[in-house]
Amino acid sequence: FYLKDYIDRQNPDYAIPKMTVTADSKEIPSVVSGYSWSFRFGDKVIKEETPIVELSLERAILLGGEKLDISFSQPVNSIKVRISDSYSYEMHDAEELVVPYESGGYIYEVYADFESGAVLYYFYVVIE
């Protein structure tokens, strides 16, 4: 148990929960922007948030109105989802997990709170 914790602290990017986003059974790629994570032994590990413009967001092409499903590899306490305006970096709360009907490119921000810390994820969808 101590050895696993030590290994996780050495490679925290692999220890934090993975997020899976799907839209009508199509998986949407996502990236981690930053996190604050506590392990059982040792200090808290913090990865400063990477600005959106510096992230390598792979686009997923979807149809308007598709429902998004977000799940995690570990139990989550709460999530907050925000969406940008079309081809913009200005974020606002996403009222529902359905992609817009309007064509354009939309960045989604997901802030997830877990028992051991918090992680900030992003993904990008293009509606044609």
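1. Rings of Phe, Tyr and Trp (for Trp, its six-membered ring) are taken as an aromatic pair if their centres lie within 6.5 Å; planes under 30 degrees apart count as stacked, over 60 as edge-to-face and the rest as tilted. On that basis the structure holds 4 aromatic pairs.

2. One of them is Phe72 with Phe114, an edge-to-face pair with 5.4 Å centre to centre and 80 degrees between the planes. This pair links distant parts of the chain, since Phe72 lies in strand β6 (residues 68-72) and Phe114 in strand β9 (residues 104-114), 42 residues apart. Strands (E, at least two residues) are DSSP runs, numbered from the N terminus.

3. The model is predicted: local features need pLDDT of at least 70, side-chain atom pairs count only at pLDDT 80 or more, and totals for chains, interfaces and linings use all residues. Residues are numbered from 1 along each chain as its sequence is written, and side-chain values use heavy atoms, with hydrogens and water left out.

4. Buried means under 20% relative accessible area (1.4 Å probe, protein chains only). Phe72 counts as buried because its relative accessibility is 16%; Phe114 is buried too, at 3%.

5. Tyr108 and Phe123 have ring centres 4.8 Å apart and planes at 0 degrees, so this pair is stacked. Tyr108 belongs to strand β9 and Phe123 to strand β10 (residues 117-127); the two are 15 residues apart, and the pair links distant parts of the chain. Tyr108 is buried at 1% relative accessibility, and Phe123 is buried with a relative accessible area of 0%.

6. Phe72 and Phe114 also belong to one aromatic cluster, together with Trp37 and Tyr121.

How values were computed
Helix = DSSP H or I, 4+ residues; strand = E, 2+ residues; numbered from the N terminus. Buried < 20%, exposed > 50% of the residue type's maximum accessible area, 1.4 Å probe, protein only.
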